[in-house]
Structures are given as structure tokens and as C-alpha cells.
Amino acid sequence: MKMKKTLALLIGVTISGSALAANWDWDGDAFPDTSWNNPTNWRDNAFYEAGDLPIFRPGDFATVPVGVNFSMPSKPLRLGQDGTGSTEVQITGGDLTIQHNAYLGFKGATCTGILTVSNGSFTVSTTKDLNMSDKDSSGTLNMYGGSVDVSRNLNLKAGSGTSTIGLYAGTLACNGLNVSAGANVDITIDSGLWEIGGDSFSNISALVTAGDIVGDGSSGGADVSAYTFVTNDVSGDLNWGLSIVGLETNTVVYTIGVAGEASLILDPPVQL
């Protein structure tokens with residue numbers, strides 16, 4: 001009799017747990033309409049609820065166009081889970097707010113999660129993180145405008161995958177930058193602005209030294225590999241963006257820190 005009661009209790013816990021957190025996949029059934037705000041694009045043609053986990057798997061593609069202002073329930077967002085291939089969400093003018101951790105690449109060595117922002121905004125709020133290349137997956141962040149605002153940390157995870165960031169325009173803001181030992185990182189900075197809170201100078205310096213941060217100059221910037229740090233005692237916020245100082249020499253400078261506490265100076269200077 002005791003054994004039967006124990007079994008009944010375990011079954012009850014299992015059912016309750018599954019009801020609290022269901023996977024809520026994007027299925028894209030409204031194609032060619034790829035709008036995030038169209039419920040037909042979600043499983044069972046209905047929006048997920050607070051207890052569900054929105055998941056994008058390889059082959060999925062969604063857009064957040066002008067006019068869409070969506071604040072997601074307090075559950076993680078996973079772009080890139082299981083299978084082979086890539087999944088992508090494009091912010092093309094709307095505003096998408098995630099009230100929990102967000103993942104660009106969540107699980108699977110052959111899976112890539114991509115976020116592309118050309119206009120509008122992507123926000124990770126409520127003191128949560130944006131994680132890239134989790135559990136051997138790969139994560140990609142492309143910025144051609146707009147903004148990405150992470151209330152806590154941008155985490156680049158170690159594994160077989162690669163964290164790729166292309167900051168060609170727009171503003172990327174995070175309260176801290178964490179790079180796991182052994183992480184594969186590929187960052188291109190051109191004319192975008194990267195605002196980093198906290199003391200992340202050593203992490204940035206290590207990435208530049210390792211050649212993991214470069215600039216391709218496609219929008220008027222210069223090759224970041226030619227830059228060197230002029231000071232290494234910066235604490236507090238980092239503010240990395242393209243600016244021009246010394247008009248007599250037309251020197252291009254990536255300024256880091258408040259009131260010019262540190263900067264990456266091209267040597268020799270670029271003649272504009």
C-alpha cells in the first residue's frame with residue numbers, strides 16, 4: 001500500500017511540472033508573414049504564456065517589424081536549439097523586450113542562433129544576461145543600426161561553437177562583459193558604439209591582444225588590430241566608439257572610458 005501511494009505522488013509531481021513549463025516552438029505557419037506578433041507563427045496558433053519557453057530551432061526565421069512592441073513573459077528566450085543549421089530573429093524596426101535570460105545559441109554543436117538588428121531595439125531587462133554559444137552551440141549578433149541593451153552581462157561561453165559579433169552601426173550596451181576561458185570569439189567593430197558597464201577593461205584588452213576583435217573599415221573605421229591601449233588602469237564604465245580627435249592630424253581614435261581615461265589609438269594615424 002505504501003508503494004502505491006509513493007508512485008501516485010511521483011506521477012502527480014511529474015504532471016504538475018510539465019504543466020508549468022512547456023516548450024513553445026515557432027512554427028512559421030503564417031509564412032510569408034514572418035512577424036513575431038502573428039500568433040499563427042507559434043505552436044497551436046497561439047502566443048506563449050508566462051509558463052512557456054519560446055524556442056527557435058534550426059530553419060526558423062522571425063522578424064520584429066515597425067509597429068511591433070512586444071514584451072515577452074518572464075521566461076528565457078532560446079535562439080538555436082537542437083538539430084543542424086541556423087535560426088534567426090531580425091529586428092527591423094520594432095521593439096522586443098525579454099524579461100529573462102536570452103540565448104543566441106542554446107544547445108547543439110551544429111546549431112547557430114542569430115540575432116540581427118537593423119532598426120528598432122532588443123532589450124534584455126530585469127537584471128538578466130545575454131548568453132552566446134551556450135552548450136557547444138554558436139551565437140551571432142549582427143548590428144546594422146538600432147540598439148541592443150543588456151541590463152546585466154553579455155556572456156561569451158566556451159565550447160566548440162563561436163560567438164560572433166558584428167557591430168557595424170547602432171549601439172550595443174551591456175552592464176558587464178564575461179568571456180569564458182577557451183571561448184571562441186570573433187568580433188568586428190566598425191562605426192557602431194559599444195557601451196560596457198563595470199570593470200571590463202582587461203577582458204577587452206585580452207580580446208584585442210588575441211586578435212579576436214578587429215575592424216574591417218567598411219563604414220569609415222580602421223583596422224582595430226593596429227590599435228594599442230594607451231593606459232591599462234581603467235575601472236568603471238567603458239564607452240567604445242569611433243570618434244575623431246586632433247583635427248590637425250585627423251587621428252581616428254576608439255575611445256574607452258569616461259573623459260578619455262583610456263583609448264585605442266591607431267599608429268600611424270589614419271588620414272581621412
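**Figure 1. Salt bridges across the whole structure.** Searching the entire predicted model turns up 6 salt bridges. Four residues, Asp25, Arg57, Asp82 and Lys107, are joined in a network of such bridges. The next views visit some of these pairs, one at a time.

**Figure 2. A close-up of Asp82 and Lys107.** Here Asp82 pairs with Lys107 in a salt bridge, and their closest N and O atoms are 3.6 Å apart. This pair connects distant parts of the chain, 25 residues apart: Asp82 belongs to the loop between β5 (77-81) and β6 (85-98), while Lys107 is in strand β7 (residues 102-107).

**Figure 3. A close-up of Asp129 and Arg152.** In this view a salt bridge joins Asp129 to Arg152, with 2.8 Å between the closest N and O atoms. Asp129 sits in the loop between β8 (111-124) and β9, and Arg152 sits in strand β10 (residues 138-156), so the bridge ties together parts of the chain 23 residues apart in sequence. Asp129 has a relative accessible area of 10%, so this residue counts as buried. Arg152, at 32% relative accessibility, is partly exposed.

**Figure 4. A close-up of Lys157 and Asp134.** Where in the chain do Lys157 and Asp134 lie? Lys157 is found in the loop between β10 and β11 (162-179), and Asp134 in the loop between β9 and β10; the pair links distant parts of the chain, 23 residues apart. The two form a salt bridge whose closest N and O atoms are 2.8 Å apart. With 24% relative accessibility, Lys157 is partly exposed. Asp134 is buried, because its relative accessibility is 9%.

Figure 5. Over the chain, the mean pLDDT is 76, and 68% of the residues reach 70 or more. Which elements mark the two ends of the confidence range? Strand β9 (residues 130-132) has the highest confidence, at 98, and helix α1 (residues 2-20) has the lowest, at a mean of 33.

**Figure 6. Two stretches with pLDDT under 50.** Residues 1-20 stay under 50 throughout, and the model gives them 1 contact beyond four places in sequence. Residues 242-272 also stay under 50, but for this stretch the model has 90 contacts beyond four places in sequence.

How values were computed: Residues numbered from 1 in each chain as written. Predicted model: local features only at pLDDT ≥ 70, side-chain atom pairs only at ≥ 80, totals over all residues. Heavy atoms only, no water. pLDDT = per-residue confidence, 0-100. Helix = DSSP H or I, 4+ residues; strand = E, 2+ residues; numbered from the N terminus. Contact = heavy atoms within 4.5 Å. Salt bridge = Lys/Arg side-chain N within 4 Å of Asp/Glu carboxyl O. Buried < 20%, exposed > 50% of the residue type's maximum accessible area, 1.4 Å probe, protein only.
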